[in-house]
Amino acid sequence: MVRWISSLCWECEVMVVDKRKLSAIPREQATEEMLQMADRLDGLNHIVTARMVEDDKILLLNFYRISKLKKGDLKAELRTFLSAEDYITQDLETEKVKWLTGGFDNLDGITLLGYSWDNKKDTWTHYNKVYIWTAGEKQLIQDFFKEYARENDTHIPWNAVLRFQNKVRNTRLRTRHQKELAATDAVMDPIGEAPQEFFDWVWENGMSFSRYLIYKETQRGKAECECTHCKKIGIVDRKDIRLRNNEKGVCPFCGSKVTIKAKGRLPYTMRDERWFIYVDPMQEGFMLRYFHAIRMIKNDQRRLSDLVNRDRVEESIHEWSRAVYTFPDGKPKCVDYDWVPYKHRGPSRWCPGVDAFDCLMSILYPGNLPQAWEHTPMKYSALEILSENIPTTAAAYEGGIKKYLEFPKLEWLCKMGLNRLAAQVMRSSSYWYSCSGVNYNGDTIYQILGLDKVNVKLLQAIDGTSEHLRLLQAAQKSGIRFTPESLEAYYEEFGANTNILLQANRHATLHKIVKYIAKESETYPLGGCGTQWSYSYNRYNERPDPRIERKQNMANDWLEYLKWCEKLGYDLDNMFYYMPTNFKKVHDRTAKEYQAMQDRKARAERKRQERLAKKRMEETKKAMAEIFSTNDGTDAFSIKGKGLIIVVPKSGDEIKAEGEALHHCVATYVGRVAEGKTSIFFARKAEEPDTPYFTMEYQGRVVQCRGMNNCGMPPEVQAFVNVFEKKMKEAAKKKEQPSRKAG
């Protein structure tokens, strides 16, 4: 049996026939009968001849292009060698030997079957595009591929030939893929299942944020509560527990921290997701294994409609991505792998990374660290301490590998309990994210953080972020001392806004301001957000407490309100204005006052521009009167010129009316005309001087000239504009020349 091998040779049990021997087979030429037949084969592309070679083991097909036969060219265009297991084609139109591995349905210039649409049958019909020279040769091809033939074949023997070539292609592809994936399998096969301890930790620790207390009021002061963690259901007294939708609380049954959800407002499905990293040691380096954990909480309607699992909570976890890290010359080198179909074919398997999954922000399992990477530069990184301290917070741990090698003092932040700041520093390895406030070149922790000893301890006490760090840096410069409680309260309300820390920007103590915001925000409205954004955000982030959101909304509006008061001239030293009671009502009333003031200013500015624009246009008219003669019988603002007239607008209202009539944006140019930055002229027909036609902008040259709907100029308008521009430039040159004095 003959088959192709990887060296592109023929191989059988006894002998090997290589491509040199195939190319040495004499090339055939067309006969006189074939030349005569070519003239009668209109609509076909090739004549094909067939014969057996190499001890009847190989079928040789020669393709003669009919258009060349008609010109007397006797040479074959291509010839294909087909064995029982493979095929290859030789291009006979090149001086050097050229081999083609494509099938007949992919070779340029070869079309075995054509097709056209049959309107009567409402389907595609196929027809032959090649002519097999003799019936015997057709039978030879048919017999050679008889195992690929079907009873319903309509185009014999080409249906069978194409099936054969398709099988060969699939075999080649499978063989090539196996070779390409051999290196991947050598890395992936030794990796076993993650231990059960890892999965237990994921659900108990990593996903512990995803616990809910679902309540429904059964009678006045009583509510039925269901905990998704301990699965207990019971009646509680609302005097003993605060039940508000989306607020944080504690389960009365198991004591777990939970998010409280009103049963009637429970979404159809809540989906909480996190990526988790399990580190496997390797001979050189280590492997980061990414698991995607999903916990779904269903409402009663969803539970009833689910025929498979009617539990309130449904959980799943699967490994989707891996990253192998080595450290040649102390620098990190990463090779990624994803669980996907290779080349989009077949079932999923481990394949070289194609960035199929967005798993940058993940939670690191600390249970087997630092042992898993103790023989790598990450041994003393203390990232396992960071993960133990914030087990529910996703961080860019892969970015942390690179960042730690650049900034080894990241270890200090982890061991000092500055977990949130360390997570932000790790994320700053990405080009699109920065962690401001940290001095990476500092030698001591005080230089790195830019804080004194007292403020460093304060930052540790609240596990501060870079926003807290910037607030402390600003407070330290201003001589303000925060307590942990006051800093957290300030941050909840004002975020990283450092301006209010400056004495000049406030008229009360920070303590009074924070207390005022907290009191007024108790009933403040929550901000709205799109359903799609909210769903996407909440899948990967812990839901914020509405009480904090109310404070932030109130604080933002209060700072905006103070700016309005300054513009309106209110005395902010008066607490009646600075900290008004019933703030939301005062805010909305002041907003209307401020908007009314802005409208008055805008009207005044428009009038000023109108006056100035009118003055500028009068000056332009006088200047142009010296260049052009006045057109008799028209307004003094109309200047005559070659069949059309140039009209200088009298006011900004005329410019706006021109824009409305011609449907273009010249109305927005009034301010620029008033400032002398540009000049606007109307080009109109002499017989219709009051009808808008074209609008011209001039700045030492004609910048643009537009008609209806911003259309371009027709030839007659273009010629007129060219003459106008020429005369304007000539006048400008004469004005620049120095005048001669009589001597």
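## Tour: surface patch, sheet, helices

Select Tyr-115, Trp-117 and Trp-124: together they make a nonpolar surface patch with about 390 Å² of accessible area. Patch members have over 30% relative accessible area and no salt bridge; nonpolar side chains (Val, Leu, Ile, Met, Phe, Trp, Tyr) are joined within 5 Å, like charges within 9 Å. A salt bridge puts a side-chain nitrogen of Lys or Arg within 4 Å of a carboxyl oxygen of Asp or Glu. Areas are Shrake-Rupley, 1.4 Å probe, with only the protein chains shown as cover for residues.

The model is predicted: local features need pLDDT of at least 70, side-chain atom pairs 80 or more, while totals for chains, interfaces and linings use all residues. Numbering starts from 1 along each chain as its sequence is written, and side-chain values use heavy atoms, without hydrogens and water.

Stay on Tyr-115. It sits in strand β9 (residues 113-118).

Now color the strands (DSSP E runs of at least two residues; helices are H or I, at least four). Six form an open, mixed sheet: β8-β7-β6-β5-β4-β11. Pairing takes at least two DSSP bridges.

Zoom to β5 (residues 58-65) and β6 (residues 78-82): antiparallel, five bridges. Asn-62 faces Arg-79 in β6.

Finally, show helix α4 (residues 135-144). It lies across β4 (46-53), β5, β6 and β11, at about 60 degrees to β4. Contact means heavy atoms within 4.5 Å; angles run from 0 to 180 degrees between N-to-C directions of axes fitted to C-alpha atoms, for helices over the stretch in contact.
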